[in-house]
Amino acid sequence: MNQLIIFFLSSLFINSLSSKAEPPKKISAHITVMGIVYCDICSNNSFSRHSYFLPGAEVRMDCKFEASWPKTREQISFSVNRTTNRHGMYKLEIPSVDGIACAQAAIDSSCEASLMWSSSKVCNVPGYKSSTKEIAIKVKQQNICIYSLNALNFRPSKTDAGLCGN
């Protein structure tokens, strides 16, 4: 009889352990914000065949992300300065944002990039000084959000009419 009671109690104990809900998986997003800076040789606010990407330019980035889930609301804000690489690209990577799932959450974002200074002595007059429009790409499998900002540019102080026409 004792063995039956021990068996009965131990089976209840084992069942209670197995029926416990597993803790929810930790959700973590990887967010990247990027853009480019170029030298607009012809001062026409477009990337022409004479334009080139501007390495070493400094850009200030101000961003805010708000994610809404059924039970929570998360907000991340930051301001950073970044320097463009040899391809004229600047970027900020936020490798792990707990609680935000890029592909499923409703993420409201606002990012602005502003030109601080140019690395070029001949191309240092700001053209498009700030960028707020963005393209958002969300990758569900890896939980990645990529925000690409519109291009910024500097111009030379004088346009070469021979090179650019009127």
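This is a predicted model: local features need pLDDT of at least 70, side-chain atom pairs count only at pLDDT 80 or more; totals for chains, interfaces and linings use all residues.

User: Why is the aromatic pair of Tyr38 and Phe47 called edge-to-face?

Analyst: The planes of Tyr38 and Phe47 stand at 70 degrees, with 5.2 Å centre to centre.

User: What makes the pair of Phe47 and Phe53 stacked?

Analyst: For Phe47 and Phe53 the angle between the planes is 25 degrees and the distance is 4.8 Å centre to centre. Stacked applies under 30 degrees, therefore this pair qualifies. Through ring pairs, Tyr38, Phe47 and Phe53 are linked into a cluster, and the count of aromatic pairs comes to 2.

User: How do you know which of Tyr38, Phe47 and Phe53 count as buried or partly exposed?

Analyst: Tyr38 has 4% relative accessibility; buried means under 20%, so Tyr38 is buried. Phe47 has a relative accessible area of 42% and Phe53 has 36%.

User: Which residues have the most contacts inside the largest nonpolar core?

Analyst: They are Val33, Val37, Val59, Phe65, Phe78 and Tyr90, in a core of 26 residues. Strands that each supply at least two residues of this core include β1 (28-39), β3 (58-68) and β6 (106-117).

User: What is Val59 in contact with, leaving aside its neighbours within four places in sequence?

Analyst: Among the contacts of Val59 are Val37, Val80, Tyr90, Ala113, Leu115 and Leu152.

How values were computed:
Residues are numbered from 1 along each chain as its sequence is written. Side-chain values use heavy atoms; hydrogens and water are left out. A nonpolar core is a set of buried Ala, Val, Leu, Ile, Met, Phe, Trp, Tyr and Cys residues joined through side-chain atoms within 4.5 Å. Buried means under 20% relative accessible area, exposed over 50%, partly exposed in between (1.4 Å probe, protein chains only). Helices (H or I, at least four residues) and strands (E, at least two) are DSSP runs, numbered from the N terminus. Contact means heavy atoms within 4.5 Å. Rings of Phe, Tyr and Trp (its six-membered ring) pair if their centres lie within 6.5 Å; planes under 30 degrees apart count as stacked, over 60 as edge-to-face and the rest as tilted.
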